[in-house]
Amino acid sequence: MRDNSKRFTAAADPAPVMASDEAKVSLDFSAPTELVDLPSKGKYYPEGHPLCGQEAIEIKFMTAKDEDILTSPSLLKKGLAVDRFLQNVIVSKRINIGSLLSGDKNAVLVSSRINGFGPEYKTKVTCPACMKVSENVFDLSEVEIYGGDDFEEYDITPTEHGTFIVKLPRAGFEVELRLLTSRDENELAVKMQQNKKRGSYETNLTDQLKKIIVSVNGVEELKTISRAVDSLQAFDSRYLRAAYLKAVPGLDMTQHFACEACGFEKEVDIPLTVDFFWSKQ
Ligand SMILES: [Zn+2]
């Protein structure tokens, strides 16, 4: 991450105001900004998208107003707080928040979090071994970018349209995948909520697969994709999801966790719970 704040006038000099221009400078309330490296390096945005080919995105430092957004009960309830926040901190107004690739969105969120509250992130973790919940401290400054460029293990072939081809080991189909955007993630979250209300979790995985699959053996028809997903063997489904994770540029959020109760140690994903922006310091 490159600190870009020095480019902007700090306006701390108490020199007497001589001209109106200087007066303006001393009243410059514009937030300092920084450049956040995009895990995608702008590679997977369509041509014409403001982030196409861009390796970094300029964001404003968090302000008190941003905190208001993140703690607004009505926005939180509607699931709009994070999007509204992103809209506010991202300097370019040409960027549609929904079109942000999920890994890039996470990079902006983590940078803002470090900026506003520091890199120490205290949150509760459930021990996978003894299920005891304990508080763990993660260091967000240690989080690294994963470029999504490990194509070998799953024999992934990137296409010219920013998608990826993976061959299913069991069914033998060639499946074309695309990266999820922030909008996709929000839609999936809404669906998961609906499933939860109905007491059914059955479609969570297939819903996700239907979102990332663009074509099966070259057929793009939704009905065909839907049927292919519903009849997918568990082995192929797991293979596809693992391949997808290798192709997605984003942040490597795994960090060390040691359970105080049973001594179990493991690398775990840093949980992005409500504590992320709302933690009591
Ligand atoms: Zn434990």
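Which residues does Asp207 touch, not counting residues up to four places away in sequence?

Mentor: Happy to! This is a predicted model, where local features need pLDDT of at least 70, side-chain atom pairs count only at pLDDT 80 or more, and totals for chains, interfaces and linings use all residues. Residues are numbered from 1 along each chain as its sequence is written, and side-chain values use heavy atoms, leaving out hydrogens and water.

Leaving aside residues up to four places away in sequence, Asp207 touches Leu188, Lys191 and Asn195 (contact means heavy atoms within 4.5 Å). Asp207 itself belongs to helix H7, residues 204–212; helices are DSSP runs of type H or I with at least four residues, strands are E runs of at least two, and both are numbered from the N terminus. Take Lys191: 16 residues separate it from Asp207 along the chain, and their C-alpha atoms are 8.2 Å apart. Is Asp207 buried or exposed? With 9% relative accessibility, Asp207 counts as buried, a word for under 20% relative accessible area, with exposed over 50% and partly exposed in between (1.4 Å probe, protein chains only).

Now step back to the whole chain. It has ten helices and twelve strands, and 39% of its 281 residues are buried. Of the contacts with a separation of 6 or more, 62% join residues 24 or more positions apart.

Looking at one partner, H4 packs against helix H5 (residues 102–117) at an angle of about 75°, with the axes 11 Å apart. H4 contributes Val82, Asp83, Phe85, Leu86 and Val89 to this contact, while H5 contributes Lys105, Val108, Leu109 and Ser112.

Finally, visit the zinc ion. Its ligands are the SG atoms of Cys127, Cys130, Cys259 and Cys262, at 2.3 Å (donors are N, O and S atoms within 2.8 Å of the metal, or 3.2 Å for Na, K and Ca; water is not among the atoms, so sites may look incomplete). Cys127 sits in the loop between strands E3 (120–126) and E4 (133–139), and Cys259 in the loop between strands E11 (254–258) and E12 (265–269), so this pair ties together parts 132 residues apart in sequence. Like Asp207, Cys127 and Cys259 are both buried.

Notes
Axes are lines fitted to C-alpha atoms, for helices over the stretch in contact, and angles run from 0 to 180 degrees between N-to-C directions.
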